[in-house]
Structures are given as structure tokens and as C-alpha cells.
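Please study the sequence and the structure before working through each solution.

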Amino acid sequence: MAMAVAQHRESSSGSINKHLTDAGKYVRYTAEQVEALERVYTECPKPSSLRRQQLIRECPILANIEPKQIKVWFQNRRCREKQRKEASRLQTVNRKLTAMNKLLMEENDRLQKQVSQLVCENGYMRQQLQTVNATATDASCDSVVTTPQHSLRDANNPAGLLSVAEETLAEFLSKATGTAVDWVQMPGMKPGPDSVGIFAISQSCNGVAARACGLVSLEPTKIAEILKDRPSWFRDCRSLEVYTMFPAGNGGTIELVYSQIYAPTTLASARDFWTLRYSTTLENGSLVVCERSLSGSGAGPSAASSTQFVRAEMLPSGYLIRPCDGGGSIIHIVDHLNLEAWSVPEVLRPLYESSKVVAQKMTIAALRYIRQIAQETSGEVVYGLGRQPAVLRTFSQRLSRGFNDSINGFNDDGWSLINCDGAEDVIIAVNSTKNLSSTCSPANSLSLLGGILCAKASMLLQNVPPAVLVRFLREHRSEWADFNVDAYSAASLKAGAFAYPGMRPTRFTGSQIIMPLGHTIEQEELLEVVRLEGHSLAQDAFVPRDIHLLQICSGIDENAVGACSELVFAPIDEMFPDDAPLLPSGFRVIPLDTKTKETQEALTTNRTLDLTSSLEVGPATANVAPDGSCQILRSVLTIAFQFPFESSLQDNVASMARQYVRSVISSVQRVATAISPSGVSPAVGSKLFPGSPEAVTLANWICQSYSYYLGAELLKADSLGGGDSLLKQLWHHQDAILCCSLKSLPVFIFANQAGLDMLETTLVALQDITLDKIFDESGRKALFGDFPKLMQQGFTYLPAGICTSTMGRHVSYEQSVSWKVLAAEENTVHCLAFSFVNWSFV
């Protein structure tokens, strides 16, 4: 039976090279006939009837074959090709499932070992507790769990470095395949045949850690080469330089590496690492690249070039790459870092203490990048506009790198701050040495007589999903962008001379066309060209009617835990070359770990703008978790816009840039308020918060009580009026005026614009700030000492002092006046008011 099946398969596979003669017999095609048919099949797998007849006329060797038989040959040939592709696909799927099964079995073994270890530790702890209870009179007790300290070696000689390298290898392997770290599954990343890999994050360990393992159709040496070039796949890596490299004596190499990592926002400093990197091959043929920070050795570069960096620590991390049967590799990635969270404001520390953020930015990004390269190498990826994948990757990297450079503004790149006294909400930086031709050919270089100016700002968002916000900004550009400013930047790419943008006679038609260029394998990042259709009101060669932007958009999947959402764009020429100059601007929204209501109370002194700064705001609500606890969705938003300028126009462009970024922030405020699921809406009403009087009424009470107790007018006599006029004057008063409730723990219920600026917060977030948190120790003593006087005579003067904003910045003031605010009936005290005179950031 088996022989008959084999003969049938042989007969069916060979039938394609046979044809039926007039006598009714099958005759095998000759080699020349098959070659001629194959040539045509290569050009056209499905020729028409006319094409088949033409083929018979042009090829005499096919003259004895009927057109119908040639049609059958092409049908069989297409069928065989389809079967071959399907067999190849099934083999690939089978190899993937086999490798994934092997990974899952290894993960299961690791988890069983971890359970056994925990059971043993639990039994040991029980025994120790019983021993302690039995010897309660003994005051001395040994610690149950001890953490061995890494012994310092002399890292200046090869022998010491080799010893450190061997320890690093052992510790890394124990994390990659052992139980050295308590790994838990990454939320929202379940393993499966269609997933990129298996991802885990640390549950409780020193620093933050993430692990990934998956199957990649590349050879181990190629994978190691890609991963060692960290700036090519890790978007936050500014630079990586190998200072020393020497053989380890066992076929491996040891390198001393200095690397720099961009800061994600303007509110924190960048990080740098001084590490030892060890590459070797294990006995089973696996390739290992492991790395750890060196302590006690040189800092790498000169101290002057690293003043803008905080030295972070890399604990044993790396890559384990094992070759697979039939091709490809199984890769294990471990990233374990200590990012020195103490050096950033407390409100941002969750960003530096989150293993999920490290997993998304480094670990998962590395595995995705390798799989992207593998698919591009195999020809599975097809991009638009005829661009090669490597070229499009370079565009994405250049956009991301240029945006990071503008946010960080490193001195060694030529950036310097102008007019920065610490009180500005928008930071202006200038780079007079910026050369856009550094990454493009001289023919396409941009000649600038002045340089580049960057206007940037960072703030906190509350109850605004980052993915939803970025998706809205991408799809509704007309809601926040100014077409004149876009035209100004676009004109600078077309000519070296241009006028001040405020006078350009151009208007936006409101039409935006997004043309996709490419995307990553899971579409977590999109590369596209955006055409903004405009109408020029004057004949000007330097004013483009349509504006084209090269844009990357990432993190718009709401289910991606810890993912950063970005929208970065740069003006380009309509037919932009592969080496076109780019000047990126855009938005970045990074989620912070969700805090419950109990945890939120400890962070009320560190909150800043949540993009709902408005006199007319509604009640702020929060998301409710399944367990009934109140959760606050928080994220940090960073905005950066770059503008070219000529030296004679620097002041004009700086003023324009500052006002433009402020207008963008104001527009984003409206957008964030509209899309917030918390219900905050400017159309709710003019009440400041639930249970408070209307804003106009409270403004009248504040002014009338000030006049009643202090015998003077708070506002100028010529500005006094009724209703909205008085509220507007109070809102724009130069002194910071704040009101707090009369409770056991007083919280602020109102502040004018100066008060919000001083505390670096908003009306919605204001009610979470307690009175005692803003004063320093001497200020609290003065307030508590004069509090009886305040309650008795209705007002008091506090001496000059220092208070603290929600961002931790010190604010000095010459004098503070406090008075009771009376309601309509003079015997009812509604709240206490404070006025801080001549305040400024220290």
C-alpha cells in the first residue's frame, strides 16, 4: 500500500512535465521545452490565451503542443508552487512551535525550581522563628537571609577584569535561566505561537529588571553583532564607546564600555554607564554577551563631558543566544538596572523604578528589532514609496535621536539656555553650531546663518490615557498646530533666507493626508508622510502651498503596559531624498505607575500641571479599580519644538517659539480635558470644586474680607467692578493669592494664576495640597505661632521666607499676608486667604 502511494505521488509530481498527444498518449516534455516554459512562468505565472498562442509561435520547440496543454502546464506549475510555499510555511510554523514548546518547558522547569526554593526558604523561616521563640532571652539573632556583597577587584589589570567577567557570566546565567530573580509575567504579554516571545519583569529585587526569550531566524553571531550595537535599536541610547578591548584567554573578549542614555523629559538628568562587557562561547555552543557596571575604576570620559549625567548602575545583564536545529536561534535577554531614582523629583520616581518601562524600552524593543531585521532579510516586509527597509529605519532613528537631542540639550552638542531664570514655564535653548548636514550629503545640507532654537516644556497629566492623547494629536493636527509656523519651518528647508513667520500670508485649508511608509512587525511604531494642504494668499516662491512632514507615531496601543507614546515629525521636501536634513519636533507621553488613593496622599506635594488649568473646571474624578480603591492615571508629557533662525532674527524667533509652545500647551489642555475619561470638562460649570461657592462669589468674598480686616483695597480702585471683571482682576493679580479650608488638615481650594504658577500645579490638583506642605520649617513655626492672632483679629503678617512648589523647587517671598474670608454673613468664616508678595523661584 505504501509503495502504491509513493508511486502515485511520483506520478502526480511528474505529470507537469508530460502532455497528451493526438494519439491519446502522454509524452514527457523535453528539457528544452520545460526551460522555455519556466522562463515564461518567471515573467508571467498566469499568461493569457493570446500570450500562450504567441509563445507557441515564437518557440518552435513548443509547436507540437496544443495551447490547452500549455494552459494545463501553467495551472499545474502554479499549483506546485503553492504547495511548495505551503509546505515551507508549515515547516517554519512547526520549527517555531517546537522552539516555543522548548522555551515553555524550560520556563516551567525554572518555575518549579523557584517554587521548591520558596518552599525550602519558608520551612527555614519557620524553623528560625521557632528557634527565636525558644530563645527569646537571647538578644542576639543571626539574619535569616543574607545578601553577599560583590567583592571589589582591581579592574585595572586583565586578571582582575577576567575574575569580574566570570562572576558576571555566572550571575547573568542565573538570572536568564535560573531563579536568581523572582520573575513574574509581563502584564498584557501572554506567550503563544504568534507572540514575539516570553516576557517577564522582576517582582522584588535591587533596581529594576526585565527578561525576554524568543525564537529568531538569524544566526547567533549576527544577533550578537546587532545587540552589541545598542544605539541602533535602543532609541534612548545616545552613544556607546568601547575604550578598551582585549582577549580573555578562553576564546572570549573583554571590553570596557562607556554609554550614555537620554533623559526622557526635561525634568530629569540623563544617565551614563561605565561597564565591563564579556563575550564568550559556552561548551554547548551557546553565545553569551554579558555586562555589568564597574565600581572604583575610571569614569571613562573626561569629567567635563559628563557633568550633565547621573552615573547609573548596570547589574549583571546580557544576552544568551543558543543555535536551533534547522536554523535560527533561541535568545534570552536580561536587563537589570539601578537608575538612581533618588536624583529625580519624587513625582517622577515611578518612571525610574518601573520594571515595565525598562521592559518596553529595552528588553522587548531589542527582541522586536531583531525579529524586524530577520523579516526584512527574508523579504517578508514590503514598504511603500519604493524605499529600502534600512533607509526607513534610518529615518525613524534620526527623528527619534533629533527629538531626544532637543529635549536634553547637551552642552557638548552646542546647546545653551537663554533667559532661563527658573520661573519660565517654557525653556528656550539655542544651538548656534547645529549643522543639519551632519547626516546628509553636502548637496542636501541646510545652510543656516544663525542656528537652531528649541522651545520645550514638561508637565504631568492626570486621568488622560497617553495612547488616546497621541492618537488624537496625530489625527487632528488642526486642533493644535499653526499652519504659519509649519510653513516657516518648511520654507527654511527650501531656502536660506526667510521672513518672520507672523507676517506670512498663508492659511490652512484644514485637510491632512497621512501616507504610510512602513511600520514595525507589531505596528507599535508607524512611519508616515503627512501632507498639509494650504492656500497661499500671495505669490511667494518661499511659501509652499502644501507642507510635507515625515512623522513617526508610536505607543498608540492602549493595552501596551508601560509603553511610551510619541508623535515626532519634521518638515521635508515633497520628494525628500534618503539623506534629507531633519529638524524633529513633537510630543512624548510616558505613563507613570498607577497610584491608589492611599498612595496618592503621600504624593500631593509633588504634583504639577495636569492640563486642566482653567477658571471653569468641573469636579475631578478618578478611575475606580475592581477592588473598589481609587486609582489615579498619571503620565508625564514632554513637548519640544525646533526652529531654524538667522542671527538677526534670534529674538523674534525666540518670542514666537515661546508663544507658540504656550498656545500648543493651551490646545493640548483642551484636548486632554475633552478626552479624559474622568469626566473633567470645561463645560460643566464655573464651580471650583464640589461644594464650593461659584468663582465670582468667592472672588467677592476675598476682596471684601481683605478690605474689612486690613482697611485697604486688594485690587486697584479703578479696576473694581462686579462679577466677572473682579474675578478677572483677581485671577491676573501679580501676587500669589491662595485660599485654604478651615479643617483639621487644611487643603487649598483656590489660587489665582500667580498662585498656581508658584505651586506649579492646577486648580484640579490644588485640592490635594495641604497647607503645611508648602512651608519650610521656619515658615510653619511662624504660621503656627501667629495662628491664634489670625483667628482673633482676622489677619496677620508673616515675615519673608521660603516655601516649596509641588515640583520640589524653593520659592522665596518678601512677605505673606493672611486673612479670614467671610461668607455673606460676617459671622461665618468660609476659608483662609494667603497673599505672597514678590515671590520668585530660588
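Arg77 is buried, at 11% relative accessible area, where buried means under 20%, exposed over 50%, and partly exposed in between (1.4 Å probe, protein chains only). The model is predicted: local features need pLDDT of at least 70, side-chain atom pairs count only at pLDDT 80 or more, and totals for chains, interfaces and linings use all residues. Residues are numbered from 1 along each chain as its sequence is written, and side-chain values use heavy atoms, with hydrogens and water left out.

**Exercise 1.** Determine which side chain meets that of Arg77 in a salt bridge, and where the two residues lie.

*Solution.* Begin with the criterion: a salt bridge is a side-chain nitrogen of Lys or Arg within 4 Å of a carboxyl oxygen of Asp or Glu. The side chain of Glu81 meets that of Arg77 at 3.3 Å, N to O. Next, locate the pair: both residues lie in helix H4 (residues 67-134), four residues apart, about one turn of the helix. Helices (H or I, at least four residues) and strands (E, at least two) are DSSP runs numbered from the N terminus. Finally, consider accessibility: Glu81 is buried at 17%.

**Exercise 2.** Identify the parts of the chain that are linked by the salt bridge between Arg292 and Glu171.

*Solution.* First, the closest N and O atoms of Arg292 and Glu171 are 3.4 Å apart, and the two form a salt bridge. This pair links distant parts of the chain, with Arg292 in strand S9 (residues 287-293) and Glu171 in helix H5 (residues 158-176), 121 residues apart. As for accessibility, Arg292 is buried at 8%, whereas Glu171 is partly exposed at 30%.

**Exercise 3.** Is Asp413, a salt-bridge partner of Arg238, buried or partly exposed?

*Solution.* The closest N and O atoms of Asp413 and Arg238 are 3.0 Å apart. The pair links distant parts of the chain: Asp413 lies in the loop between helix H10 (389-408) and strand S14 (415-417), and Arg238 in strand S6 (residues 237-247), 175 residues apart. Asp413 is partly exposed, with a relative accessible area of 31%, while Arg238 is buried at 8%.

**Exercise 4.** How many disulfides does the structure hold?

*Solution.* The criterion is a pair of cysteine sulfur atoms within 2.5 Å. The structure holds zero disulfides. Cys739 is in none, as the nearest cysteine sulfur, that of Cys831, is 4.3 Å away. Cys739 is buried, at 0% relative accessibility.
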